[in-house]
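Student: I would like a close look at a single chain. Please go through its fold and its parts.

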Amino acid sequence: MIKKTILSTVAAFTLASGMALSEDIDIVFIGKNTGNPYFDSLTQGFVEACDVIACNFEFVAPATAEATSQIPFIEAQIQRGVDVIAISPNSPDALNQVFDAARAKDILVLTVNGDITGNEEHRDATILPTDFTKVGADQVEMVGSLIGYEGEVAILSATTEAPDQNFWIEGMNKTLETDSKYSKMTLVATVYGDDQPEKSTTEMESLLANFPKLRGVIAPTTVGIAAGAQVVQSRGISDTVKVTGLGLPSEMRDFVKDGTVEGFQLWSPYNEGWLAAHFSVGLKNGSMENKVGGTFQVPNLGTITINPGNSINTQAALTTFNAANIDDFNF
Amino acid sequence: MTNQIPSLYHKKSWRSLFNRPETMTFTLLILALVGASLLSEYFLDVNYILRSFTLTAELSIAALVLTMVIISGEIDLSAAANIALSACIFAYVQASGAPMTLAILTGLFAGLVMGSLNAILVIVYQLPSIIVTIGTLIFYRGLAQVIAGDKSIRVPEWFIGVNTKMVLGVPFPVVIFTATAIILGLVLGTTIYGRQIYQVGTNNTAALHAGIKSNRIKFGLFVLLGVVSSACGIMAASRLGSVRYDLALGGELQMVLMAMLGGTYIFGGRGTILGTFLAAWLLVIVSTGMTVANLLPAIQLTVLGLLLIVAIIATNFIYSRARR
Amino acid sequence: MKPILKFLSGREAGIFVMIILFCTAVGIYKPHFISSNSLRIILLLVPLIMIGAMAQMLVLVARHVDLSMGSMLGFSAMVAGLMYRDMPEIWWPIGFLVAVGTGAVLGLFNGLLVTIFNLPSIIVTLGTLNLYRGLTFIISDARQINRANIPSELKAMSQTSPIFGIPWIILMSFAIALLTFYLVRYTQLGRQIYAIGSNPNAAPLRGINVTKVTLIVFIISGALSGLAGIMYASRWGFVNPSNTGMGFEFQVIAAVVIGGVSINGGVGTVLGTFLGVILLGCVAAALPLLGIPGTTQSAIYGSVILIALLIDRSVRQRATANTKRSRA
């Protein structure tokens, strides 16, 4: 144990001094929490970008995802004098003050994979995986195509206040109400599993109990879709109740292969990291400009546009995963 | 601050310094400073350390009062949850349009009620404080979640920023922490009331026979901790600009850790405010040093857990030697 | 007749009545709550807590408490998960041995700190709660063990059944409850645990090796947490360094305290603990059915613990009053 501590001490020291000597752009990405498989792939995008362009990259994250847990980490990065803080914020407003402190020191603050909605003036730009206004409609189409556009559907979401999920659910509601293609589908319930497998499972079970005629479930959260699929799988009712939503291919592969889940959607977290690194370096060396309406080029992704609110999307629409393509994705 | 030494220590010779747990805390503090400076070249910066201290100032202030509760022979694990619930109630009241003064008073009153509930369960119903406060810990944080849901409640712009107010270059929360430590240190170390707290914690029955109203003392300490925790909750709201039910989650461990590292005896009767004061700084230095060196937060969890175990073994050892 | 009378007058009957009342009340409001399907949901919710509760009962009876159970669960599950990931060829039941063994070692460490240094278990396990959680992050490099790495035979244990359509993990948790009943009722060790808890000072005079018994209790607590860990992997199909087992100790303590196990040591029954777990399962299953948001769950758990403590207190008071009266 002592040996290990000394070793890591030495390692951290050499790392720190190495960083100070370098002329590259120092980027740090602060995840929501450690042990969250979603961020493995996102981090990989940063790492591989910094292999080819002039940046140093480090990933840090608090142990738990409560609202204030990221603050000491942001303070530490300010103290280290990094050039760019990319962060998936755990709170839409608790970080405002510390973001301001960072930007006062000329640090570029990018929110990645989630924004501080309502407090956009406290960050420089946001990198979102896709156009969030289309997610709701895409998900309704997905579940519609699985149940033949007819019957009762329900939504199994994350927490009641999750801003992204609520925005998508709003889109789903609107699509179901206004688009005549879905007139024979009715949304019977929206429940929240708090992104915990236990609670999500219980909520899914009670959906099935409360609505015996249920035909489809949309779970726009990686924990929810896996829990929903597991319930359907264990009860052997995957023919009558179709589970879909947003999920990680690595977590859903088994369910797709055994036919429990026919299809689900997501985007590429890898590309978010890849784009964020290129954008950071471009802004810092002056080859790109953070101006609404402007465009820039990113290798492999093509031309990227900066949308109103300094919001940048890595892909236009959701990727759909099914038995035919699931093996092509490793995140 | 020598007057803070409890009357139990009669030896005035400087050799007895080694028998005092605060010496251990102080030594660890120096070691941690050196270690953290070696770990990262960015660490040794007074302003940064002071700024980092404000992030746990609320827990540190409450830990000072908790120290007195532990010395009196009880414990309160619900103080961190109290901070969260008071902050949520305060923010909820002011967000619903009430004037700020009323909101603050409501928050403080909530703390008073929470402290009293703990006290009633422990003293009137004679339930063990450790289990009672585990129960109220879950209950208070649960209530905070009922009130605020999963969303954060904002406070007005002008109320934000207690941590950026400076007094002679020192952030205001640090000043409050130091002032509280001095006041409580004097109360505990120099007054009759302070001596009675030690006596109650050392031997409750003997204290009763000596005519000390031990129940009243304990009741007062629980209520004091409740009110101080709620004040800390309101301070946290000003620092963060918004509150959520998960404020200070897991803070009970840090607070107990501060008291233990400062040499407070878990079975009561011994401990000083000075020890907790030093331990609060020790913890900030340890965690800040590791964070600025970009070490895995898991290592911090591990170190905190180890520190607690080592601290309690060391204090037990020191006290058992002192008794001989 | 006598055992029935004894049951009716005891704490267990009270919990039993509470379960019936609660389920009837929910059933009136939502008739489909009273169904074999609900029973299935409830039973699938409780196996982990059941196993943890049996262990925590023994610890509390011995006048200790173990707050590190959730972290021991997480660490043991992670060790087994890492083994499955890095040695995919391994015979899958080995995971049970590995998890239980790992848990036992962690429990032994708790026990050693408590006995050798004579430290209060609550503070020791508050420390190891963090220590073991931190170590879980370190050994896993903060990465989750994914569904694909957990053997499908293990996952199937939460779904397939050898008898009456009851999944394996439910049967296992009931088996553990029965084993605990046997331990408590028919072994010397069981009696010694109660003796230590009732009067720690008198126990050595009766020839009981307090250190040894205390160590065994903590080892059992660790081993059963480890068993719950491998069952977590079976039930949810993944092991996460941060989520797995988080808050487990609080659910377990809630169940045990509701079940009438006294926090002052020496008092507690397997049946009471069993019913406490079932009551908690009923509440957890009914909340979403009633449309009560999950955010209220902690407040309900917390108040239930406090109420149970107060009931426990009044029962004890009456018991003392009775003894005094009968003596007089």
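In chain A, among contacts between residues at least 6 apart in sequence, what percentage join residues at least 24 apart?

Tutor: The share is 73% in chain A, counted among contacts between residues at least 6 apart in sequence. Two residues are in contact if their C-beta atoms, placed from the backbone, lie within 7 Å. This is a predicted model, where local features need pLDDT of at least 70, side-chain atom pairs count only at pLDDT 80 or more, and totals for chains, interfaces and linings use all residues. Residues are numbered from 1 along each chain as its sequence is written, and chains are lettered from A and ligands numbered from 1 in the order in which they are written.

Now the fold. Chain A has 10 helices and 14 strands. These are DSSP runs numbered from the N terminus: helices are H or I with at least four residues, strands E with at least two. The C-alpha trace of chain A spans about 65 × 55 × 35 Å along its principal axes. Of the 331 residues in chain A, 55% are buried, meaning that 20 or more other C-beta atoms, placed from the backbone, lie within 10 Å of a residue's own.

Next, the domains. Chain A splits into domain 1 (23-123 + 269-315) and domain 2 (132-266). Such bounds come from an automatic or database domain assignment. The centres of the two domains of chain A, taken over C-alpha atoms, are 30 Å apart. Five residues from domain 1 of chain A and five residues from domain 2 of chain A form the contact.

Note on methods: Buried ≥ 20, exposed ≤ 12 C-beta atoms within 10 Å, placed from the backbone.
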